[in-house]
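This briefing concerns one protein model and is intended to be read beside its sequence and coordinates. Please consult the structure shown here before turning to the points below.

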Amino acid sequence: MDQAVFQTLTDTLSADPNARMAAELRLKDLQSVPEYPLSLCKLTLTRECNISQRHSAVVLLKSFIDQQWSTKSPKFRGPEPSAEIKTTVRGQILTGLSDPTNRIRSSCAFVVSKIAHLDWPDSWPELFDVLMAHLKAGSTDEVHGSMRVLAEFVSKDITHVQLPRIAPVLFPELHRILVSEQTYSHATRSRCVSIFRSAVDMLYTIKEEHPEAVKEYLSPIFSQWNDSFIAILNKRTTDNPEIEVAEWGLKVDIIKCINLSIQGFPKLTSSYILPVLSTVWQEIIYLRPKYIAENIATNGDISGFCFQDSDGDNIGFESLLLVQFEFLQIACRRRKLTQSIFVGQDGHPGILEELVWNALSYMQMTDDQAENWNADPNQFIADEDAESCTRHVRNAAQDVLVTLGDYYKSQTLLALNLSIHRDISTSISDKASGKDYWWKAQESSLLAVGLMAEKLCEGIKGGSSSPIDIGALFDHLVLANLSEHSLPFLQGRSFVFASQFAPILPLNLAAQYVSSAVEAILNAPSAVVKVSALKALNNFNSHLDKQYIAPYQRSILQGVAPLVQVTTEETLTLIFRTLTTTAKIDDQVAAEFESILGPVALESWAKYHNDTCMAGETMDFFDTLAANPYMNPILNLRAMPVLCGAINPDNTDRVAVSAAIQLLRSLARGGPSPLPAGYVAQFFPSLMAVLLTIDDRDVLQNGQECLKILIQKDVRQVAEWRDAASGKTGLDLLIQFIAKLLDPSQTESAALFVGDLVAKLIKKGDNLVAPILPDLLRAVTIRLSDAKLPSFIQPMVMVFAQLCLNQHETVINFLDTVDVRGQNGLQIVLTAWLLNHADFQGLYYQKVSAIALTKVFTSGDPRIAAIQIKGDMILTENSRRTTRSTARKAPNQYTVISAPVKIVKLLCADLIARIEEENHSGEFNDDESEEDDDDEDEDDDDDDEQEQDRKGDNWKGSKHHERSVLLSDVIGENDADYYGGADGDGSDELEEVDADVLADPVYQTHMKKFLIDFFRGQLHSPGLVGCFGELNDAEKQTLSGLLEN
């Protein structure tokens, strides 16, 4: 068998394709032979064979483990080897961990890891002891191989159940290897840190449910490990490049571990942040000249080193810089601990000024980036995007600067001003000296100031003097750079910079820059400049009044639209955004270009509807065109045949069907009301055929939204349409579709908007719906009885809430007659309503719910009073501090109260929230009072340490704690609500486009005033007096304030 496997493997490496094919077929036959894995194992470990044969054998062994070793494997297909064969293979493959050839040793470690994942600990209990023996007394090769296994082991297989056995043995050995620099390679020591980091990550994951694990296994050893980390970070080799690079690799893993530890266990790491910060800062200073020389100031000569560790991974100081910059951001957020280091204390300067200057140096564009981005504009856009997944030193340095600006705004801006003057002076000198890279410092300076544009513009508009002379930058840098046609990145950055400061530009200058950007899009030879000009135009469109862009609208549309046909990916996204914003400037001008824009929109939709990134952009563009009243009729004529062809039950491309319905909705929404005669008949048969026969979630959701728009625009045309063959009307098909959605077999996510659809049909249908209204409401009640998703419950509750605004007694009487499997309909609806009211989304819907509840309350109906609802949580010592595990063991207990009491509590909470929002709106923390990660409530339990990664700017009063508000303190003040006006413009996107909502008097209701008036009017009513005794202290104090006025 060994010989057969050997020969077959040899033939698979043959240059003859026929021989290879025949050998691969023989391998499939050999896989069913019981001894096959033993032969592969033996061949893998036979050092006399060449490396290619041995590696082929171990690769096949890995595949065998996946497919045949155990039924636990997700790829298992059998047959499974016997227990004896498994025992032999496990014993033999372990010897491969000491193989002198790294490639074979690493592959054997991977096989051991795969087997361990399936067999440990039940079928291979001795594995961990063997690995530990290797660590304690094995050769360096055995240690390296075993470490590879343990890395997989700890990250994937060890749980809190095995920790008591694993941690006390493993962690000391890992630490011993880490500090034994004379014995073990940097790569092996790095693997120790990586394993420890995996353990820290696991402990963080389980700390809430098993806080004792952190105390027992991490806390006692943490100081030892961190002391060793700091000692290693402080060591630097400068006379041996290969050792220096290996040190970088070890430091990368150490700082990764530190970063994770700080975020996961802030209290445990607090005493180590300052020593690490000092070391990291010194390393950043030390590496800067090297980084500049090898990546930026090269004059075309790149002389950097590239090394691989023992695992074949490339390592270099760029990786080290990335994790160091991440650490700096984390340290900056731990403001209480690190403020003295960043900004100084007691006359001693901090590092912030020099840190900002260093950040600008690291933000400079590398030669590789300039070359790659010139060749591929898509990559340029992707890498330079603020949300880019690609991590470079350039964007990591930007993140550091932004974080410094968030936490130390004034100091950062002053430091930035000094830094850009320093760099611009250097660049001018370099230019005079003939250095090709002189422009990079200017580009990074503009980039850095642009990152602070929002902060600077806010200050300037507010009348504050700017710490950076923006005018001088425009006069002496930006204007000159716009004509640097031989330096596309500097020219492009100048365009973007100008647009970032559009809110404060003098209007004549703004128009000049818009004109230059348009000219660049049309005529610039460099794709980089075109892309930058597109970015600038998007910013100008966002920040400038339309009148300053309008003169160029025709030129932009003419110049940009053709680019859709010749660009791809990220560039295409930018083009569509530009077209979308430009088309909104003047509807009449945009309509002149329908013959260009319409085909672009439809062709792009057809091409990209399956592309998750592009689909949104093309949809936004089509929405803009469809909303244009001058373009909508022509676009309808062009699009309707295309959409009707896609909206077909036989169309197997469900994404296309769903997207076509979205476009149809856009066309209808942008059309007149009522719709043109015969409009609905064009598509209604195919639309309803799709919605009644297809169960795709997205199709059904978009169908509900589309029908809602059609009902809003012209319910009579929809309802009175009639199918010639069946005689069914549009209303018949609508009710049939609603019945399908309300059927319990339909998922809640698929029927998410059925409540909105029903509410719209009732509101607009009036007499058309009256005969079927009881059946419709009964069906909604039945579906509500077992609804789970809050987002599904809210719109169905709104059906009844809307009706209660004017007909609450009728609604109560009707629901009382509904029986759902022995449960009263009034109980079903009111329970769902009251338990979800506090979480309703959307200002309008919150108002509808609250106002309708006042109607229900004032009815004084004894049937309402008889309904019992879950009230406040009963606080015990255990319920005050709860983890997920304790919550499962001892669920929280609640009081049971009557529905009227619950209504009062909810409305009282609404009033308190309105008053708090009004009191605290606009109350913003400045640099000196910003919170940081050290403000978390921490006691002696590690499970209460919170991972925080938030901005330093915090709103006061945003904690959702229970408190009382005395109305006497606020009544008589300015009645402007937090939302502005009559609760102002805090509307959701949905509310902004729904004309019925905007026209509803409820929307204009000032809720604070309304609720105050309601409670004042009810203060002495039997209903409220009867509820008062069951309110908590905060609620009582709030209502008591009314008596004082």
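The following points cover salt bridges, a helix pair and the surroundings of one glutamine. The model is predicted. Its salt bridges come to 41 by count, and one network built from shared partners joins Glu-384, Arg-394, Glu-443 and Arg-493.

**Salt bridges around Arg-493**

- Arg-493 forms a salt bridge with Glu-384, with the closest N and O atoms 3.1 Å apart.
- This pair links distant parts of the chain, 109 residues apart: Arg-493 is in helix α25 (residues 488-500) and Glu-384 is in helix α19 (residues 377-384).
- Both residues of this pair, Arg-493 and Glu-384, are buried.
- Arg-493 also forms a salt bridge with Glu-443, and here the closest N and O atoms are 3.1 Å apart.
- Glu-443 is buried, as is Arg-493.

- Asp-623 and Arg-669 form a salt bridge whose closest N and O atoms are 3.8 Å apart.
- Because Asp-623 lies in helix α33 (residues 612-626) and Arg-669 in helix α35 (residues 654-670), the pair ties together parts that are 46 residues apart in sequence.
- Arg-669 is partly exposed, with a relative accessible area of 28%.

**Packing of α4 and α6**

- Two packed helices are described by the angle between their axes and the distance between the axes.
- The axes of helix α4 (residues 51-69) and helix α6 (residues 102-119) come within 10 Å and cross at roughly 10°.
- Angles under 35 degrees count as roughly parallel, and α4 and α6 are therefore roughly parallel to each other.
- Residues of α4 that make the contact include Ile-51, Val-58, Leu-61, Ile-65 and Trp-69, while those of α6 include Ile-104, Phe-110, Val-111, Ile-115 and Leu-118.
- By class, the contact of α4 with α6 has 11 nonpolar, 2 polar and 6 charged residues.

- Gln-712 is located in helix α37 (residues 697-720).
- With a relative accessible area of 14%, Gln-712 is buried, since the cut-off for buried is under 20%.
- The side chains of Gln-712 and Lys-760 are joined by a polar contact of 3.0 Å.
- Leaving aside neighbours within four places in sequence, Gln-712 is in contact with Ser-673, Lys-760, Lys-764, Asp-994, Ala-995 and Asp-996.

Conventions:
Residues are numbered from 1 along each chain as its sequence is written. This is a predicted model: local features need pLDDT of at least 70, side-chain atom pairs count only at pLDDT 80 or more; totals for chains, interfaces and linings use all residues. Side-chain values use heavy atoms; hydrogens and water are left out. Helices (H or I, at least four residues) and strands (E, at least two) are DSSP runs, numbered from the N terminus. Buried means under 20% relative accessible area, exposed over 50%, partly exposed in between (1.4 Å probe, protein chains only). A polar contact is a pair of N or O atoms within 3.5 Å; within protein, one must be able to donate a hydrogen and the other to accept it, and residues adjacent in sequence count only if both atoms are side-chain atoms. Contact means heavy atoms within 4.5 Å. Axes are lines fitted to C-alpha atoms, for helices over the stretch in contact, and angles run from 0 to 180 degrees between N-to-C directions. Angles under 35 degrees count as roughly parallel, over 145 as roughly antiparallel, 65 to 115 as roughly perpendicular and the rest as oblique. Ala, Val, Leu, Ile, Met, Phe, Trp, Tyr, Cys and Pro count as nonpolar, Asp, Glu, Lys and Arg as charged, and the others, Gly among them, as polar. A salt bridge is a side-chain nitrogen of Lys or Arg within 4 Å of a carboxyl oxygen of Asp or Glu.
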